[in-house]
Amino acid sequence: MSWSPVTLENWLIRQKDTLDEVRGPVEAIISEVRARGDAALLDYAEKFDKVRPEAVRLSEEDWDAAYEEVSPELAEALSEAYARISRFHELQRREDFWITETEPGISLGVKTTPLSRIGIYVPGGRASYPSTALMCAIPAKVAGVKEVICCTPPPVHPLTLVACDIAGVDEVYLTGGAQAIAAMAYGTESMAPVEKIVGPGNRYVTAAKMMVRDTVEIDFPAGPSEIAIIADEDARPDFIAADILAQSEHDPLAASMLITPSTQLADEVGKWIARLTAEADRKEIISQSLERSGYLIVKDLDEAAEASNKIAPEHLAIQVRDSFSLLGKIKNAGSIFIGPYAAVACGDYASGTNHVLPTAGNARYYSGLNVAHFTKTSTIQMIDREGLEMIGDVVETIAEAEGLSAHADSVRIRRSSQK
């Protein structure tokens with residue numbers, strides 16, 4: 001097990017997305033899917049997932065049968081998580097339409113319209129992720145999206161299918177990786193293209209999402225999980241170690257950083273990490289992830305906040321005496337967890353916030369998945385003759401200055417006309 005100090009510079013270099021080495025293979029996959037459609041998806045399933053589905057689209061019968069393999073307790077847990085996630089995302093809903101008079105004769109407003117068809121990507125591989133199905137589909141449905149489809153690698157876990165059903169997913173397709181992204185973007189014989197693709201994935205999935213943006217909108221780059229924890233000397237080292245292991249078990253490329261002014265705390269956390277790793281079910285993955293993790297000793301919490309803002313972590317846990325004072329200094333983070341009992345796992349599953357978040361420093365300019373990702377807005381203006389007179393001189397003057405006389409004339413002709 002590795003638990004050692006890490007410099008901020010090395011962390012930033014280590015976490016930087018390096019998609020260049022997968023661009024070539026991803027380009028080839030995208031081209032193949034565009035050329036061969038469903039046949040390419042089935043071939044790639046056989047090659048990468050070691051299973052060849054009978055069809056790309058999951059049948060209603062197989063979907064319904066998933067409930068027979070999921071215990072009532074698990075189905076109820078997913079339903080309770082659905083209720084909490086829905087409740088939080090309902091709070092994010094925008095007004096469908098508003099308009100207000102800003103000055104005599106001029107009324108301005110906004111019309112919000114949901115997207116029509118979106119695609120969610122739910123990873124497979126090392127684990128099943130029914131929670132990701134909930135997190136991606138619920139805000140889309142709350143926003144009013146009519147058609148939500150899901151792509152997930154075969155063989156799909158029954159839990160994921162039950163989660164898709166609970167969240168209101170309309171279609172499920174048995175395809176993963178870059179090929180699934182290509183299919184959602186460009187369509188195949190069995191899959192109509194979507195307007196936006198959301199959801200986390202590996203480097204191949206992330207690279208594919210970045211490469212299809214000329215055709216379809218995406219949420220943001222969302223790769224291997226990461227956490228930064230700002231803690232003072234009063235923090236519980238066992239709680240911190242538990243959060244670090246929770247992130248580490250996701251993926252060998254997951255990473256964790258403790259930022260603290262207390263060397264003693266860092267040492268105690270290291271002892272707890274060793275103890276908990278020895279008992280962990282996924283210790284091999286955790287051990288690999290810990291090679292990418294470590295702690296940063298700072299002189300005070302102000303410096304801790306500065307370091308965190310440079311990292312812009314996917315998850316930020318704050319475990320200090322005056323949490324809200326520190327919170328005011330945080331500018332860049334995907335999701336923030338305050339206090340010793342706010343385990344990041346709560347946000348992963350059931351507190352209600354969304355766990356699909358920007359990684360690798362992308363929280364500097366992206367927000368985590370939310371209802372607004374699934375809507376678009378149109379501005380509205382209603383202008384009568386009085387309003388036109390209010391702004392006419394300004395419009396004509398600027399238009400003439402830009403050399404766009406027809407713009408000026410379009411206002412001038414209205415002002416000179418008879419009422």
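A crossing of two helices is right-handed if the near helix is turned clockwise from the far one by less than a right angle. That term is used below for this structure, which is a predicted model.

**Helix pairs**

| Pair | Residues | Angle | Axis distance |
|---|---|---|---|
| H2 and H3 | 20-36 and 38-49 | roughly 135° | within 6 Å |
| H8 and H9 | 177-186 and 203-211 | about 25° | 7 Å |
| H10 and H11 | 237-248 and 263-279 | about 55° | 8 Å |

Helix H10 (residues 237-248) packs on helix H11 (residues 263-279) at an angle of about 55°, and their axes are 8 Å apart. The two helices are therefore oblique to each other. The crossing of H10 with H11 is right-handed. On the H10 side, the contact is made by Pro237, Asp238, Ile240, Ala241, Ala242, Ile244 and Leu245. H11 contributes Leu265, Glu268, Val269, Trp272, Ile273, Leu276 and Thr277. Sorted by class, the residues of this contact are 11 nonpolar, one polar and two charged.

How are H8 and H9 oriented to each other, roughly parallel or roughly antiparallel? Their packing angle is about 25°, with the axes 7 Å apart. Angles under 35 degrees count as roughly parallel, so H8 is roughly parallel to H9. Here too a handedness is assigned: H8 and H9 cross in a right-handed way. From H8, the residues in contact are Gly177, Ala178, Ile181 and Tyr186. They meet Tyr204, Val205, Ala208, Lys209 and Met211 of H9. Seven of the residues in the contact of H8 with H9 are nonpolar, one is polar and one is charged.

In the pair formed by H2 (residues 20-36) and H3 (residues 38-49), the axes come within 6 Å and cross at roughly 135°. H2 and H3 are therefore oblique to each other. Ala28, Ile29, Glu32, Val33 and Arg36 of H2 take part in the contact. The H3 side consists of Asp38, Ala39, Ala40, Leu41, Asp43, Tyr44 and Phe48. The contact of H2 with H3 has eight nonpolar and four charged residues, and no polar ones.

**A pocket**

The second largest pocket has a volume of about 240 Å³. Its lining is made of 13 residues. Which of them lie nearest the centre of the pocket? They are Pro53, Glu54, Leu58, Asp62 and Leu174. By class, the lining of the second largest pocket holds nine nonpolar, one polar and three charged residues.

**Backbone details in two loops**

Pro154 and Pro155 are joined by a cis peptide bond, with omega about -5°. Pro155 is placed in the loop between strand S4 (147-152) and helix H7 (158-167).

Another loop runs between helix H13 (301-311) and strand S11 (315-319), and Ala312 lies in it. Ala312 is not a glycine, yet its phi is positive, at about 50°.

Definitions and conventions
Residues numbered from 1 in each chain as written. Predicted model: local features only at pLDDT ≥ 70, side-chain atom pairs only at ≥ 80, totals over all residues. Heavy atoms only, no water. Axes fitted to C-alpha atoms, helices over the stretch in contact; angles between N-to-C directions. Helix = DSSP H or I, 4+ residues; strand = E, 2+ residues; numbered from the N terminus. Parallel < 35°, antiparallel > 145°, perpendicular 65-115°, else oblique. Contact = heavy atoms within 4.5 Å. Nonpolar A, V, L, I, M, F, W, Y, C, P; charged D, E, K, R; others polar. 1 Å grid on protein atoms, 1.4 Å probe; cavity = no way out; pocket = protein on both sides within 12 Å on 5 of 7 lines; lining within 4 Å. Points joined across faces, edges and corners; volume = space filled by probe spheres on them.
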